[in-house]
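Biologist: Please show me the model, and then we can go through it one question at a time.

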Amino acid sequence: MINRLLKRFRRGPSCDEVMEVLQAYLDGEVDVDTARMVAGHLDDCAACSNESEVYQRIKDSLSTRRREIDPEVRAALEAFSRDLRTATD
Ligand SMILES: [Zn+2]
């Protein structure tokens, strides 16, 4: 799936494409070229940059408080992945 996206990224990513790899990007699971393009897009695009910040905040919260997950955070995470699925359908 990532390889297929990489080919499309050669032309520059759209918001939908950035959303598709955003989680992998923030988890450090994409290659350098992809990371650079996503980072470039996030610099230019307030909507994607905002999504990225939300996801990063959720991730931080999960990693610092593994034992007790705030129900609000869990709800935000669920809503976020629901949005992602909707955006990529
Ligand atoms: Zn965007």
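Biologist: This is a predicted model. Is lysine 59 buried, exposed or partly exposed?

Modeller: Lysine 59 has 15 other C-beta atoms within 10 Å. A buried residue needs 20 or more, and an exposed one has 12 or fewer. The count for lysine 59 falls in between, so lysine 59 is partly exposed.

Biologist: How far apart in space are lysine 59 and glutamine 23, C-alpha to C-alpha?

Modeller: Lysine 59 is found in helix α4. In sequence, 36 residues separate lysine 59 and glutamine 23. In space, C-alpha to C-alpha, the distance is 9.8 Å.

Biologist: Are α2 and α4 roughly parallel or roughly antiparallel to each other?

Modeller: The axes of α2 and helix α4 (residues 46–64) are 10 Å apart, and the helices pack at an angle of about 25°. Angles under 35 degrees count as roughly parallel. Therefore α2 and α4 are roughly parallel.

Biologist: Which residues of α2 make the contact with α4?

Modeller: On the α4 side, the contact is made by Ala47, Cys48, Glu51, Ser52, Tyr55, Gln56 and Lys59. By class, the contact of α2 with α4 has 8 nonpolar, 3 polar and 2 charged residues. From α2 come Cys15, Val18, Met19, Leu22, Gln23 and Leu26.

Biologist: Does the length of α2 agree or disagree with what its 12 residues should span?

Modeller: Helix α2 covers residues 15–26, and at 1.5 Å a residue it should span 16 Å. Its end C-alpha atoms are 15 Å apart, so the two values agree.

Biologist: Is the crossing of α2 and α3 left-handed or right-handed?

Modeller: The axes of α2 and helix α3 (residues 32–44) come within 11 Å and cross at roughly 115°. The crossing of α2 and α3 is left-handed.

Biologist: How many charged residues does the contact of α2 with α3 have?

Modeller: In this contact, Val18, Val21 and Tyr25 of α2 meet Thr34, Ala35, Val38 and His41 of α3. By class, 5 residues are nonpolar and 2 are polar. The number of charged residues is none.

Biologist: Which residues of α2 are buried?

Modeller: Across the protein chain, buried residues make up 21% of the 89 residues. In α2, the buried residues are Glu17, Val18, Met19, Glu20, Val21, Leu22 and Tyr25.

Definitions and conventions:
Residues are numbered from 1 along each chain as its sequence is written. This is a predicted model: local features need pLDDT of at least 70, side-chain atom pairs count only at pLDDT 80 or more; totals for chains, interfaces and linings use all residues. Helices (H or I, at least four residues) and strands (E, at least two) are DSSP runs, numbered from the N terminus. The expected span of a helix is 1.5 Å times one less than its number of residues. Axes are lines fitted to C-alpha atoms, for helices over the stretch in contact, and angles run from 0 to 180 degrees between N-to-C directions. Angles under 35 degrees count as roughly parallel, over 145 as roughly antiparallel, 65 to 115 as roughly perpendicular and the rest as oblique. Two residues are in contact if their C-beta atoms, placed from the backbone, lie within 7 Å. Ala, Val, Leu, Ile, Met, Phe, Trp, Tyr, Cys and Pro count as nonpolar, Asp, Glu, Lys and Arg as charged, and the others, Gly among them, as polar. A crossing is left-handed if the near helix is turned anticlockwise from the far one by less than a right angle, and right-handed if clockwise.
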